[in-house]
Amino acid sequence: MKKIKIGTRGSKLALWQAYHVEELLKRAGIDSEIVIIDTKGDQILDVSISKIGSKGVFTQELEDQLLDGRIDIAVHSAKDMQSKLPEGFEIIAFTKREKENDVILSHKNQIDLADKSKPILLGTSSTRRVATLQHFYPHVKTVEVRGNLQTRILKMEEGLCDGLLLAYAGVHRMGYDDQIVQELSLQEFTPAVGQGSVAIEIASKMETSLKIELTEALNHSETALKLRAERAYLRVLEGGCSIPVFALGNLSGNQLSLNGGIVSLDGKERISLTVNGSIHDPEQVGQQLAKEVFAAGGKKILDQIKSTLTQ
Ligand SMILES: NCc1[nH]cc(CCC(=O)O)c1CC(=O)O
């Protein structure tokens, strides 16, 4: 078999993910090499993602290279992928998911969100995290901080904030576990769709036998079932990563349950529901959750968010 070219962004986290994929391929006896591609999302570090428009900001350059055949597979954080891929592309695998929680990272020894006696300033650039904080911990203030993890930590240490609110997966992969001061609950800080898993994207024109071989080498079927349900939920909401929606799948035997919802940008309204369904139709479970969240007032919240973000 030919050598597989793995396309990735150049950030440390992206490279970790690419090496991880290279390792999984190696275990399956497939030879590969890594090709680093610069993306627009990496270059515009001082502008909020929600302002540049999140749709495909990290993925489009990689997709161009997939079409040209300069790379065979593109590796992304599953969380950063649009819920609807452009025509001609598909995801063939989701790697085994890391722990999904959000965590607080700090250079100070102690931060406890529940302690309302002390003012706390947390750095984050995610609308979901800001809104969730405002909902459960309105005494906490936030400041936007962008850039890669190393940059964010530097800004925190320089005094921009007391702590950073981040995905455990990224913190762990970059080796900063020793700076974690609090792990947040999945009930309150229900993660973004796909958090903790790596998605493998290809151009659909790839020959079927290669597709199957790569899927066998890279796909973690339990993770994929959960993410298919989560992504189906997100697809109905037409949300990119700038919309504060959340969903987390869970498997128990043949049952697939999906907990998820939406929170208004100011954190005042938050809807979180759980639906149960079958592992044989994850998309249906996601669509059912969307239906129930919309009926419970989620549609109104979503419309408000969309009109605010496009202003
Ligand atoms: N939005 C950026 C992003 N994309 C993926 C991760 C971390 C890894 C993951 O969640 O899979 C992060 C950083 C974060 O949210 O803290």
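Entry 1, one residue. I listed the contacts of Arg152, leaving out residues up to four places away in sequence, and found that Arg152 touches Gly123, Val145, Gly147 and Leu164. Contact here means that the C-beta atoms of two residues, placed from the backbone, lie within 7 Å. I note that this is a predicted model, in which local features need pLDDT of at least 70 and side-chain atom pairs count only at pLDDT 80 or more, while totals for chains, interfaces and linings use all residues. Residues are numbered from 1 along each chain as its sequence is written.

I placed Arg152 in helix 6 (residues 149–157). Helices are DSSP runs of H or I with at least four residues, strands are runs of E with at least two, and both are numbered from the N terminus. Is Arg152 buried or exposed? I counted 20 C-beta neighbours inside 10 Å, so Arg152 is buried. The cut-offs are 20 or more other C-beta atoms within 10 Å for buried, 12 or fewer for exposed, and partly exposed in between, with C-beta atoms placed from the backbone. Gly123 is 29 residues from Arg152 along the chain, and I read 8.2 Å between their C-alpha atoms.

I compared the span of helix 9 (residues 221–237) with expectation: its 17 residues at 1.5 Å a residue should span 24 Å, and its end C-alpha atoms are 25 Å apart, which agrees. The expected span is 1.5 Å times one less than the number of residues. I found 12 of the 17 residues of helix 9 buried, among them Thr223, Leu227, Tyr233 and Leu237. The cover over the buried residues of helix 9 includes strand 4 (89–94), strand 11 (245–252), strand 12 (255–263) and helix 10 (282–309). Just after helix 9, I noted a positive phi of about 50° at Glu238.

Which domains give residues to the shell around the ligand? Domain 1 (1–95 + 197–219) and domain 2 (102–183) both do, so the ligand lies between them; the bounds come from an automatic or database domain assignment. I saw that strand 8 (163–167) and helix 7 (168–173) each supply at least two residues of the shell.

I counted 10 helices and 13 strands. The C-alpha trace spans about 60 × 45 × 40 Å along its principal axes. Buried residues make up 43% of the 311 residues.
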